[in-house]
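Please walk through this fold with the model open beside you.

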Amino acid sequence: MQKELRLSGSGGQGVITAAIIFAEAAAACGRNVAQSQSYGPEARGGASRSEVIISDDVIYHPHVEHPDIVLAMTQAAADKYAGDLDPTTGILIVDSELVPNVPQAAHVVSVPITTLAIEKIGKSLFANIVALGAITRVSGIVPFDAVKSAVANRVPPHTVDRNMQALMVGYEAAKE
């Protein structure tokens, strides 16, 4: 089994942190993992993407070419990256409030990620962890408890409880 994920949005939305956490969770489960990121020179507000490859075998090429899953936190990210998805099996997860024109994909999961972070957790800062919860549910690649542990190990200690809430909010919101 090998799965390729691309998390995308704009700088400051935390897609790189979310990808790192997901990669750490997969590695803790004994999987081989490659993780990379790219962001514009503006950092905050510029284009941002992070990629994760998770495999039971050796990963020979550490860059995602045809992702199984794409997370798009902005319209620009959806427009730029959804086209790389496999047309028959690819899963596109979008922030429904920030991606009004959803590109074609075999499977689309639309969740109001940022709105849920604000309404349920109190800050848009937690949108990346809400998205991570949705990715965990939709992908089924890494057990929820492994992602919980990785979040707890990665976020500042005083934010662990709110991040756990955000993770659960995203996980529950992605039910189909």
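**Helices, contacts and cores**

Set aside the neighbours of Asn-128 within four places in sequence, and its contacts (heavy atoms within 4.5 Å) are Gln-13, Gly-14, Val-15, Thr-17 and Ala-18. The model is predicted, so local features need pLDDT of at least 70 and side-chain atom pairs count only at pLDDT 80 or more, while totals for chains, interfaces and linings use all residues. Residues are numbered from 1 along each chain as its sequence is written, and side-chain values use heavy atoms, with hydrogens and water left out.

Asn-128 sits in helix α4. Helices here are DSSP runs of H or I with at least four residues, strands are runs of E with at least two, and both are numbered from the N terminus. Asn-128 has a relative accessible area of 8%, so it is buried. Buried means under 20% relative accessible area, exposed means over 50%, and partly exposed lies in between, with a 1.4 Å probe and protein chains only.

Stay with α4 and look at Val-138, which is also placed in that helix. Val-138 counts as buried because its relative accessible area is 17%. Beyond its neighbours within four places in sequence, Val-138 contacts Ile-91, Ile-93, Val-109 and Ala-174. From Val-138 to Arg-154 is 16 residues in sequence and 22 Å in space, C-alpha to C-alpha.

Now turn to α1. This helix has 14 residues, and its first and last C-alpha atoms are 20 Å apart, close to the 20 Å expected at 1.5 Å a residue. The expected span is 1.5 Å times one less than the number of residues. The buried residues of α1 are Val-15, Ile-16, Ala-18, Ala-19, Ile-21, Phe-22, Ala-23, Ala-25 and Ala-26.

What does α1 pack against? One partner is α4: the two helices pack at an angle of about 40°, with their axes 9 Å apart. Axes are lines fitted to C-alpha atoms, for helices over the stretch in contact, and angles run from 0 to 180 degrees between N-to-C directions. α1 and α4 are therefore oblique to each other. Angles under 35 degrees count as roughly parallel, over 145 as roughly antiparallel, 65 to 115 as roughly perpendicular and the rest as oblique. The crossing of α1 and α4 is right-handed. A crossing is right-handed if the near helix is turned clockwise from the far one by less than a right angle, and left-handed if anticlockwise. On the α1 side, Val-15, Thr-17, Ala-18, Ile-21 and Phe-22 take part; they meet Asn-128, Ile-129, Leu-132, Ile-135, Thr-136 and Ser-139 in α4.

α5 is another partner of α1. Their axes come within 8 Å and cross at roughly 125°. α1 and α5 are therefore oblique, and their crossing is right-handed. Ile-20, Ile-21, Phe-22, Glu-24 and Ala-25 of α1 make this contact with Ala-146, Val-147, Ala-150, Val-151 and Arg-154 of α5.

Go on to the end of α1. Cys-29 lies in the loop between α1 (15-28) and β2 (32-39). Its relative accessibility is 37%, so Cys-29 counts as partly exposed. Apart from neighbours within four places in sequence, Cys-29 touches Val-142, Pro-143 and Ala-146. Just after α1, Gly-30 takes a positive phi of about 85°.

Which residues touch the most other members of the largest nonpolar core? They are Phe-22 and Val-142, in a core of 45 residues. A nonpolar core is a set of buried Ala, Val, Leu, Ile, Met, Phe, Trp, Tyr and Cys residues joined through side-chain atoms within 4.5 Å. A second, separate core has ten residues, including Val-70, Ala-77, Ala-78 and Tyr-81.

The last stop is α6 (residues 160-173). Its 14 residues should span 20 Å at 1.5 Å a residue, and its end C-alpha atoms are 20 Å apart, which agrees. Val-160, Asn-163, Ala-166, Leu-167, Val-169 and Gly-170 are the buried residues of α6. Their cover includes α3 (113-121), α4 (127-139) and α5 (144-154). α3 and α6 pack at about 130°, with axes 10 Å apart. That makes α3 oblique to α6, and this crossing is right-handed. Here Leu-116, Lys-120 and Ile-121 in α3 meet Arg-162, Gln-165, Ala-166, Val-169 and Ala-173 in α6.
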